[in-house]
Amino acid sequence: MAGIVVVFDFDKTIIDRDSDNWVVDELGFTDLFNQLLPTMPWNTLMDTMMKEMHAQGTTIDDIVEVLKRSPIHPRIVPAIKSAHALGCELRIVSDANMFFIETILEHLGVKECFSELNSNPSFVDEEGRLRIFPYHDFTKTSHGCNLCPPNMCKGVIIERIQACLEGKKKIIYLGDGSGDYCPSLRLGESDYVMPRKNFPVWELICRNPMLIKADIHEWSDGEDLERVLLDIINMVSVEHNSAQLFSVDCKLQTISTSNHALPPVLPVPQ
C-alpha cells in the first residue's frame, strides 16, 4: 500500500528485550552497569560500558553473537515482510543505537525492508571498540521537549517525516515505551498508533485518550502485532481503492453527460 508509512520502535517492539540491557546482561556486566547507572546519562553510560567491556577483553564479535540471540516473537519478521510486500514504506525510530539495530536486522534478513533508520549513532573505532553517541547532542543544545530523554525526541523525528510526506500518506506508529508517547501525540486524525498493551506508552495514552488524534489499536505480543498491523493496512487499502473507484465513477458520469447528444431544437409554430 503505497499510501502508508509504518514507523516501528525497536526495543520491546521488534525484539522482545531492551537491546542495551540484553548485551550488558548476557556478557556479564550487569553489576557494573547498575553501579554506574545513577551517575551519568544513558547514552554516556552505554558508551562507557563498551569501553569497560573492551578493556576486559570483550570483542565486537562477542557483542554481535549476543545481538544475534536477541529474543524475538516468531511472527514479527513475517509481519515486517508482509507490510513491505504490500507496498508500505517502513522506518525505525529508536533510542537504541545504529550498530545494535543494523546487526539484528541483518541477522533477521529484513534490513532491506526499511527505508530509514533513526537511532543513536555508533561505530567501531580503530581499536575495535564500539562507540555510542546521542542522536541529539544535548551537551550543546536542548531539543526543547520535556516529555522525552535529552538525547532524542521522537516527536521531532515524526514531525520531520510528516513534513516530507506533506499529508499524502498515513502513518502507523508502533511502540511500547514512554518515549513513544510524544510522537503519538503528534500524529494526525488520519493516522494510527499501536501502543503495546500494559507497557508505558499504553498506560500514558490510557490516562487521557482524547489527547491522541490518531486511531488507537493496542497489541500485546508478536502475533497480535501482525494481526492488528495487517488489518489496519488492509482497511486503509480498501478505503483507498473505494475512493479511487468513486473518483473514476464520477469522471465517467461527467464524460457520459457531456457526450450525450441533445435533441434537435423544434421550430415554434407561428
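Helix H3's buried residues are Asn 43, Leu 45, Met 46, Asp 47, Met 49, Met 50 and Met 53; buried means under 20% relative accessible area, exposed over 50%, and partly exposed in between, with a 1.4 Å probe and protein chains only. Helices (H or I, at least four residues) and strands (E, at least two) are DSSP runs, numbered from the N terminus. Bear in mind that this is a predicted model: local features need pLDDT of at least 70, side-chain atom pairs count only at pLDDT 80 or more, and totals for chains, interfaces and linings use all residues. Residues are numbered from 1 along each chain as its sequence is written, and side-chain values use heavy atoms, with hydrogens and water left out.

**Helix H3**

- Just after H3 comes Gly 57, with a positive phi of about 95°.

**Helix H7**

- H7 runs over residues 154-165, and its 12 residues reach 17 Å from first C-alpha to last, close to the 16 Å expected.
- Buried here are Lys 154, Gly 155, Ile 157, Ile 158, Ile 161 and Leu 165.
- Looking down the axis of H7, those buried residues fall within an arc of 160°, so they line one face of the helix; the arc is that of the directions from the helix axis to the C-beta atoms.
- Over on the other side of H7, Ala 163 and Cys 164 are exposed.
- Strands S1 (4-8), S2 (89-97), S3 (114-120) and S6 (170-175), along with helix H8 (181-185), pack against the buried residues of H7.
- Glu 166 follows H7 and has a positive phi, near 55°.

**Pocket and cavities**

- Both terms come from a 1 Å grid over the protein atoms alone: a cavity is a set of points where a 1.4 Å probe fits but cannot get out, a pocket is an open set with protein on both sides within 12 Å along at least five of seven lines, and lining residues have an atom within 4 Å of a point.
- Grid points are joined across faces, edges and corners, and a volume is the space filled by probe spheres set on the points.
- The largest pocket comes out at about 490 Å³.
- Its lining has 24 residues, with Asp 18, Asp 95, Lys 154, Gly 177 and Gly 179 nearest the centre.
- H3 and S2 are the elements giving two or more residues to that pocket's lining, and S2 has the largest share, with three.

**Met 152 and the cysteines**

- Met 152 sits in the loop between strand S5 (130-132) and H7, and Met 152 is buried at a relative accessible area of 1%.
- Leaving out residues up to four places away in sequence, Met 152 touches Ser 94, Asp 95, Asn 118, Ser 119, Asn 120, Tyr 135, His 143 and Ile 157.
- The whole structure has zero disulfides, a disulfide being a pair of cysteine sulfur atoms within 2.5 Å.
- Cys 145 is in no disulfide, and the nearest cysteine sulfur, that of Cys 148, is 3.7 Å away.
- Cys 145 is buried, with a relative accessible area of 14%.

Definitions and conventions: Expected span 1.5 Å × (residues − 1). Contact = heavy atoms within 4.5 Å.
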